[in-house]
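This report looks at how the chains of one model meet. Please view the structure first, and then read the notes below it.

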Amino acid sequence: MSTVIANNLTKKFGPFTATDSITFQVERGEIFGFLGANGAGKTTAIRMLCGLLRPSSGEAQVAGYDVYRQADKIKERIGYMSQKFSLYEDLSIRENIKFYGGIYGLSRPVIKEKTQHIIEELQLENVVDKLVGSLPLGWKQRLAFSVALVHDPEVVFLDEPTGGVDPLTRRQFWEMIYAAAARGTTIFITTHYMDEAEYCNRVSIMVDGKIQALDTPTGLKKSFGVDSMDGVFQILARGTSTKG
Amino acid sequence: MNRFFVFVRKEFYHILRDRRTLLILFGIPLAQVLLFGFALTNEIKDARIAILDQDKSVYSKEIGNRLLSSGYFKLAGYLQSPKQLEAIFRKGQIKLALVFPPGFSDDWQHGKKTQIQILADASEQNTAIALNGYASAIIQDFAANATGGSRPMSIEIASRMVFNPNLKGAFVFVPGVMAMVLLLVSAMMTSITLAREKETGTMEVLFVSPLNQIQIILGKVIPYLVLSFINGCVILLLGVFVLGMPMAGNLILLLAETLLFIFLSLSIGIFISSITNSQVVAMFMSLMILLMPTIFLSGFIFPIESMPVFLQYFSNIIPAKYFINIVKGIMIKGIGLSYLIRETLILLGMAALFILLSLRNLKTRVS
Amino acid sequence: MNRIAFLIEKEFKQIFRNTILLRIMIMMPIMQLILLSYAANFEVKNLKMAIIDQDRSTYSQRLISKFAHIHNFQLVAYPASYKMGEESLLKNQVDLVMVIPPHFESNLYRDQKSAVQLMVNAIDGSKAGIANSYASAIINDLNSEILVENYPLATQNNNTLEITNQYWYNPRLEYRTFMVPGILFELLILVGGLISALNIVREKEIGTQEQLNVTPIKKYQFVLGKLIPFVVIGMVQFTMGLLVAHFIFRIPQEGSLALLYAFAFIFLILSTGIGLLISNVSSTLQQAMFAAFFMLVLFILLSGLFSSTENMPKWAQYLNVINPLKYIIEAGRNIMLKGSNWYDLQSQFLALALMAVGINALAMLQYRKTS
């Protein structure tokens, strides 16, 4: 069964429709990209799937649970990383991991094990007791991702996680994403970087709240007769009134 | 110049959009004026009193009746024994107790010394003193009339209540509320807004823009100046038309002094924001170092001359003290600038001081 | 349950790590308490007085001397004329002026009566009233003395009625004794309510709140995770404030300390609940600050801290029914100054407990993990 299902999912804020009847399905272990310009409705969509925002209409299921009535069950099985990273800057790395592990109900021995694992994987041995606020941006980013995975969720939602970092750091980040997907975690990622679209298994492009295209990157490039995702987007965005 | 105005307009939008804060900003003065004007009064009336009449004579009853019909007292009950006194005071049910000893009227009629006891709950001191005074006066009056005759060699006291003949308590605080609200808007909000910009890093972005530092700060501060001024005027209008506060002096002078105080408050707000990067710290500093001392030490609520000496000296560095005097002087006494030169100069001096300090801090920060 | 422990642990770590804020949170209220308690005095004294003596007789000198020896008045000026006396009032140099007219003494002998004029700066109505009655009492005092000296026999009958005054609970008539318990609790709600509100709104602003909303943490766990640390800190502040009250201001502790703490505890739960409510409706720190401030100003003014609640008009008294400060100040004063016990204060405790439960329940219901 697909891990994320959306059916005519819609969100209106008064007269303004942020997300207009979007429909898609994401399979287990897939890296699913949600592309679009700023203001296209990506963040609204992801927040509905995470149980942060109540949809106006339509259906959605995450990890087999309904977003309207079983939001709490969904939250036990998903991870989330926002643009702001949302780690506690005034707590140390170790303390952040311990906190989120505990919040997700992991036992102390398991938390210890996870902490060890994360430290080794990210090579944070020297700074494990330093405050997160003192870390460089790229490290924070990767740490936030690891923390989002601490409870082995089925799906991880990433909302523009690579904003403001250099290409090398982005590359390293994507390696972590691949590794997680390979382990069976479904990755749902929104971004406005068109080159990141190439890294996804499948990509959907949102324009003004609607999904205008949904396919593999290769498939999209072929359909639109261009050789880059950027080209695809240009074509899609041209004929509509964009909010930039 | 054009860029500057665009910037100022953006700042106005920011503020106007935050409806909730605006509501509160104008709600606070309104609430305070209403409260101070109509609810908080030091007038004494209907104070609950208990009477322990162990004499039950015509005289004791008469004294009791006079007290109760004076309007100052309201009967809570008649006690049967002295033992009940402690309990009823402890429960906080009465403010005063009147005790007539047994045999009171007999002793008095026969020229022997007798005693009436007035017990007051002095946890609230001024009220106790006042109630005591009223009760004593009524009893004395009764005693004097009962024995008859007018006194020789009496000194009459003619009291004139100057500036406020009707002893209206309601409007003495309007200047205080003004000072408080102006400080709140100008100093506190300014410091928080500027600190916020620094926290989110947008300040640096602005510094890199074509506008120079001074223009940026001025741009941020002007909306608050306008807001404060409007608020101040609203309070004045409320004070005059709703509470009946007089406006004996020169309106232009009053408005000018108000602007001066706003200007001073703004410079303090800028100063506070120049010494911290955190919104919360700016908030607390404004609250604890500026607003609270102003409310309590400026003479607004507690009289300065009743404070210990070290606090009286301290009150001299609180700007609101001078502003309150200025407003009272202009509105209630009707005096002009010549009487208020000292206060005005002090406010000007303080404003200059804070501006200089802020400039110095800002220069070192950016370089 | 365990998850709440994680929340609390994180909260304490953050608080203790933020030394600036910690210092502000603990030290500033204490400093305020000290400053305010010294300032909080409605006693009318040190009034600056000017005397215009146009008689310069023995009696006028005696009158002046009487005023010179009373601490309520400070003789600062002896204006040469009536006009100059008025000037000194305009200039705020004096609070009242006494004019002893010419022939003051001789009129007493010749006409059996004389007059003295008082001009009182009445901008502050109640202060003026008290100043006037003090001054009048002193003049009447002189009057009695003169009477006794001149007519020793006739005055004997008038003195058979004696009025004795007793001031209970505050025999030294110190205002401070009355104010300090009130100020202590006012600071508790200020700091407790405000700090918890700011704390949560701050988390909203930086995004960690959202991160928590995505987790399976339940509403009550979140609320308790904030409530418990802040109540604990509040108790620490309360203890410090109590120590200050006892040792610096010598406020008595007539009643049970345990009862006082019980009240403080329930009051802190209430304050933090208010902070939670405020944070629910605020999205920026500025909004939280102003919402908290507005409410606190209302509560403090109505609470009876500065004026008696009985004298308020009916509508204000109704409003006061939902003012937690009113109940806690009554309870605090009564316990500390009068030694009231549990039975005396049951209704206050009940009111506070009801409000605490109600407010926190409301905050919890209002809190939305999903918006």
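## Charged and polar pairing

In this predicted model, the side chains of Glu95(A) and Arg17(C) meet in a salt bridge at 2.7 Å, N to O, the term standing for a side-chain nitrogen of Lys or Arg within 4 Å of a carboxyl oxygen of Asp or Glu. Across the interface of chain A and chain C, five salt bridges are found by this rule.

Between chain A and chain C, 11 residue pairs, both at pLDDT 80 or more, are in polar contact, that is, a pair of N or O atoms within 3.5 Å, where within protein one must be able to donate a hydrogen and the other to accept it, and residues adjacent in sequence count only if both atoms are side-chain atoms.

## Make-up of the chain A side

By class, the side of chain A that touches chain C has 14 nonpolar, six polar and 10 charged residues, with Ala, Val, Leu, Ile, Met, Phe, Trp, Tyr, Cys and Pro counted as nonpolar, Asp, Glu, Lys and Arg as charged, and the others, Gly among them, as polar.

## Extent of contact

The contact (heavy atoms within 4.5 Å) takes 30 residues from chain A and 27 residues from chain C. Chain A and chain B do not touch, their nearest C-alpha atoms being 12 Å apart.

## Conventions

Residues are numbered from 1 along each chain as its sequence is written, and chains are lettered from A in the order in which they are written. Local features need pLDDT of at least 70, side-chain atom pairs count only at pLDDT 80 or more, and totals for chains, interfaces and linings use all residues, while side-chain values use heavy atoms, with hydrogens and water left out.
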